[in-house]
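The sequence and the model should be kept at hand while reading.

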Amino acid sequence: MEKLQWQERPRRLSHRHSRGSVFLEIQNNIVITAIVAVITTLFISSQWYTPRHHEIPHFIYQLDAEDISYGLTHCALNQKRPVVDKGLAASRLTARSSVGPRTILHNATLIDGDGTITRDCIIELQDGIFTRVSQGALDTLELTSDHDAVVDLRGRIVTPGLVDMHSHAGVRETPQLWATEDVTEISAPVTPWARAVDGLKPHDGAIPVIASGGVTTSLVLTGAKNSISGEGVVIKMKRANSVLGLLVNMTEGGGKPQRYLKMAMGENQKRQFEHSSSGPSTRLGESYWFRKAYDNARRLKREQDRWCEAVSTSKGLKSITQEYPRSLEWQTLVDVLRGDVRVNVHGYETEDILAMFDHADEFGFNITAWHHALHANLVMDQVKARDIAIVGFSDSWGDKKELYNVSSYLPARLAENGIAVALTRDHPALHGQWLVYEAQIAHHFGLDAESAISSIISLPARLLGLDNRLGYVRPGYDVDLVVWDRNPLHVGAAPLEVYIDGSSVVRASESLWKVSESPSYTKEYPTSRPSVAPESACKSGQSDIVVRGLKTSFIGDDGLRNEQPETGNVTVVIRAGQVVCVGERKCSEIAKQAADNSVPSVDVKDGYVLPGLTIVTRQHGLVEMRQEPSTSDGYSTGEEYERPLSSRFGIKFDGIHLERAYRSGVTRIVTPPQTNGFFHGISTLFRSGAKSVLDDGAIVEPSAALHFTIGHEAKSSRTQSVTSQISQLRDLLTVEKHIHPIYESAAAGDVAVVVHTNNKDVIAHMVALKKETGAHIVIMGEAGVPVIAAPFWGCEPLYWDGRHCLPGPPLTDRLGPQLLIDAGVQVGISNWDDTNNHIRSSIWEASWLAGPGNQSQALDLVSKNIEDILRLPRSRDFYPIYSTSQGV
C-alpha cells in the first residue's frame, strides 16, 4: 500500500532547486537506472524459462498458494479431453420427477434423426425430456395424472428438432444494421480469442422465425472474413431475455465442455485484407498466418507442459519461481492442439482443403468438419481418410470462382462414398427458416431419404458432440420435436408445432392443422431424380418427335398454354419444332404418320408437358461470377435518364447459368441492365437456349420493361434519398417523359414500369403514382398492383425495408404472395438474387406457393402470369417434359 501511495504522489522538484542540481539529479537517476537494468537482465537470463518474442514475460517471484493451485489445476485439466457422456440420458431419467404432468403424443408417425420410420408411435414428454417412446395404441399407456395432456396426431409425421451447425443468428442480427453486426472481428487476420457468445443478441428477431421452420438448435459461428475468427456457441432457438436463456448446458454430464473453433481459407480472406498490410492478400499469406498462429500456440503448449513436468515432483514444486504460462491470445489454439476443441473450417477449393490438411499434419490437430467444400468431390479419398464431415449447401453456387460450376449431385456423391454430409443455410446468407429445403433439394438430386433426414438432424448433432441428447426421439433426450403438415422432404412442408426443451414455442392455427389432413399432404417420401438420364430417342436439337404416356399436358394443339389441361394417356406430336397434336385417340393417326416418316418416339410414364417458363432475374446473361468483374457486363451509374441503357446489347449466351436454366425448363428470361443506382434501364426478354444473338428469335422482346430500384441500395449522387427517387420516377412519367420515347410508352401504359422494392410505404407510393399517371407499374416485391415476388416466399427480412414481411406457416397462415393471390392480385414469382442461385428451382418454388395439388396455379406463377404482368408474348416454342417416374 505504501508503494502504491508513493506512485500516486510522485515527488515534485522544488522551484528553489538550481538548474545544476536538477541536472545532477537527472544524471544520478540515469546511472541508477542503468545499474538496475544490468542486474535485472543477468537475473532473468539465469532462469530456465526464457520469454520469446511472441510471449508475455512472466514475473519472477516466490509463488503464492493461489498461483500454485491455478497451475496445478490446469496441469490436471491438460490430461483430460471432452467426452460425449453416453450415460447422460439414463442419469436424467433416474433424476427426474415422476409425479409432474406429462404430454403424451400418440398416433404419431415418427421419422427419427437417422431416417428410421416408426408408425403408431406414442411419445411421452416430461420435465423437458422424452420419458418414453413406444409403439401401439394409447390404451397400452396408463395415465397417472388428471393434468396429463394427451394429443392425437392422427398419423402426422414428427421428427426430432432440426440442427443447423453453421449459423450466424444472434451475431448477424436481421434486419442487418451496422450497430448489430458482430460476426467477425477483423482487426487482425487471426483472432482465436474472439467468442461468438460475447456478441450474441437474444432478441434477434430471426431466432423465433428460424425455430418456426423446425430448427431447434444452431451452432452460431464467428465469420469467415479472417483466417481464424474465434469460438462458436451452441444455442436453442427460443425466445429469451438473456443469452443465458439460449445456451445449451455443455457441462451437464460433467467434464470438459464441447467447444468449436471457426477457421477459414479462400477468397474471403484475400478480399478482406487485399488493400491492407496487416493480413494476407494471397493463399500463400493465408497459410503463413495459420502456421505462425499455430507455431505460437505450440510454443506456449510446450512451456505449459514443461511447467507441469517441473511441478510434478515435490522438489520441483518447492523450487518453482514462475507462474503457469498463460496467454489470452493463444490459449484457444493450445486447446485445439490438446484435442479439446472441434475445428470447423470454411473453404471451397481443393487447394484450400489440402493446404489445411498440411497445416493439421504439421501441428497435430484434427478437423471435425469442412464447411461449404463445394469441390470436395475432387478429393473424396483424402477427406474420407481423415474422417472429416462436409457441412454444405445443396444448391447454392455461382457468384464467385470458388463456388462456380458446382454439381447439385454433390451431397449424394459424397454420401455414396462414405463421407458424412450435413446441410446448412449459413443464416443469414440463406434464410435459416428453410433448412429443410436444403434436404429437399439434396434428396431430389439423389441423396437417399435417410441421409437427407440425418443431414439436418442426427449427423450435425453428432458433429457437435451432442448426440447423447439431441438428434433422436429417445428416452432421456431433450424434447426438441417437430410436428409436420406432411413429409418433410416434400417441397413446401412446414411445421405445425415445434417443441424446444419440452415447451411448445410455436403452434400453427387450427385451420392449418385441419388442412394438413387432406390426402394431398402426403406422408410418403418423394422420389429422387436419377443422376444419369435414361436412354431416350430424344436428342438435343431434334425438331420432330412423338411423346407418349403423358399424364397431363398444359399446352394445346396451338402450342400455347391451355386453360384446362389435357389429362389421361396423352400423346403429343411435334413436327418442325411445333406442336401439331395433343390428346389421346385424336392423335393416333398423326402419330402413326410420324412413325411412318421415321420420327422417333419417346415413352414417358405419368409425365407432364409444360410451356417454357419465363423468369425475371437480376443478372442472367450479363454476369457469370458477381465477384469477378471480368466475367460481368459491368455496372453503370444508374443515372442515364436521357439515354437509357438496354440490356439487349450486352446479353451473352455462353454461361453455365443460362445453360442450367434452360435445362431446367426456364426457356425465357427477362434481365435489365446492370447499374449501381436507382435507374436500371430497359430489360430484354431473350431465349436462354440460344447460342448467340444471331440465332433466330434469340431476342424475343428488346424492350420488355423499364426497371427502377427504390430504397437504400438505390441511393446515388443524383438520387440521394428515397424521396428524390420517387420524385425522379414521377418526373420521368410526367413532365420529363419527352426526353425519350420509352418514357412516353411507359406513361401510356404500353411498357411495364418495374419497381424493385420491399418497403410497404414505397409500395403505397407506387400505387398512388399508378393512379396519378396511368402507367403500368409493377412491383417486384409485394403490393396492391401486379407483383413479381422475389424471393418467391416474399419474406427474407435481411434488410430494414423487408422487416414487415410475413414469415408464413406456422407463424402466419399464409406467405405474403399467397395473401396477394387470395386478394385477387396478379402475382408471378422470379429471382432478384445477385448470386444467381435459385432460377432453376422456380417450378418447385411455384408449387410451394400454390400449395399441394394446385398445379395450374403453380405453372401460371412462372409463365402466364409473368407474361401477362409484363405484357410479353406467350411462349410457344419450347415444351419441357417432366416425368414423375424419374422424379424430375
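The sections below go from the chain as a whole to its cores, helices, disulfides and selected residues.

## Overall organisation

The structure is a predicted model. Its secondary structure comes to 25 helices and 30 strands. The chain has 888 residues, of which 55% are buried.

In general terms, nonpolar side chains of soluble globular proteins tend to be buried together. In this model, the largest nonpolar core holds 87 residues, and the members that touch the most others are Met-263, Tyr-294, Phe-365 and Trp-370. The greatest contribution comes from helix H10, residues 350-363, which supplies 6 residues to this core. Another core of 66 residues lies apart from it; Ala-714, Val-751, Ile-763 and Trp-844 are among its members.

Met-263 shows what such a position looks like in detail. With neighbours within four places in sequence left aside, its contacts include the aromatic residues Phe-290, Tyr-294 and Phe-365. Ser-227, Ile-228, Val-343, Asn-344, Val-345, His-346 and Met-356 are also in contact with Met-263.

## Helix H7 and its partner H9

A pair of packed helices is described by the angle between their axes and the distance between those axes. For H7 and helix H9 (residues 331-338), the angle is about 75° and the axes are 8 Å apart. Because angles of 65 to 115 degrees count as roughly perpendicular, H7 is roughly perpendicular to H9.

On the H7 side, the contact is made by Ala-293, Tyr-294, Ala-297, Arg-298, Leu-300, Lys-301, Gln-304 and Asp-305. H9 contributes Gln-331, Leu-333, Val-334, Val-336, Leu-337 and Arg-338. By type, the residues of this contact comprise 8 nonpolar, 2 polar and 4 charged. Tyr-294 takes part in this contact and is also one of the residues that touch the most other members of the largest core.

## The disulfides

The structure holds 2 disulfides. One joins Cys-75 to Cys-308, with the sulfur atoms 2.0 Å apart. The torsion about its S-S bond is about -90°, so this disulfide is left-handed. Cys-75 belongs to helix H3 (residues 65-77) and Cys-308 to helix H7 (residues 283-310), so the bond ties together parts 233 residues apart in sequence. Cys-75 is buried, at 11% relative accessible area, and Cys-308 is buried at 16%.

The other disulfide is formed by Cys-581 and Cys-587, whose sulfur atoms are 2.0 Å apart. Its S-S torsion is about -95°, so this disulfide is left-handed. Both Cys-581 and Cys-587 are buried. A further cysteine, Cys-121, is buried with a relative accessible area of 1%.

## A covered helix

Helix H13, residues 435-444, is mostly covered, with 10 of its 10 residues buried. H13 is followed by Gly-446, which has a positive phi, near 105°.

## Residues around Tyr-477

Leu-88 is found in helix H4, residues 88-95. With a relative accessible area of 4%, Leu-88 is buried. Not counting residues up to four places away in sequence, Leu-88 touches Glu-252, Gly-253, Asn-468 and Arg-469. Leu-88 and Tyr-477 are 389 residues apart in sequence, yet their C-alpha atoms are 8.5 Å apart.

Asp-467 is located in the loop between helix H15 (458-463) and strand S15 (481-484). Because buried means under 20% relative accessible area, Asp-467 counts as buried at 13%. Beyond its neighbours within four places in sequence, Asp-467 is in contact with Val-84, Lys-86, Ala-461, Arg-462 and Tyr-477.

## A partly exposed loop residue

His-804 is placed in the loop between strand S28 (787-789) and helix H22 (816-822). At 47% relative accessibility, His-804 counts as partly exposed. His-804 and Lys-760 are separated by 44 residues in sequence and by 7.9 Å in space, C-alpha to C-alpha.

Conventions:
Residues are numbered from 1 along each chain as its sequence is written. This is a predicted model: local features need pLDDT of at least 70, side-chain atom pairs count only at pLDDT 80 or more; totals for chains, interfaces and linings use all residues. Side-chain values use heavy atoms; hydrogens and water are left out. A nonpolar core is a set of buried Ala, Val, Leu, Ile, Met, Phe, Trp, Tyr and Cys residues joined through side-chain atoms within 4.5 Å. Buried means under 20% relative accessible area, exposed over 50%, partly exposed in between (1.4 Å probe, protein chains only). Helices (H or I, at least four residues) and strands (E, at least two) are DSSP runs, numbered from the N terminus. Contact means heavy atoms within 4.5 Å. A disulfide is a pair of cysteine sulfur atoms within 2.5 Å. Axes are lines fitted to C-alpha atoms, for helices over the stretch in contact, and angles run from 0 to 180 degrees between N-to-C directions. Angles under 35 degrees count as roughly parallel, over 145 as roughly antiparallel, 65 to 115 as roughly perpendicular and the rest as oblique. Ala, Val, Leu, Ile, Met, Phe, Trp, Tyr, Cys and Pro count as nonpolar, Asp, Glu, Lys and Arg as charged, and the others, Gly among them, as polar.
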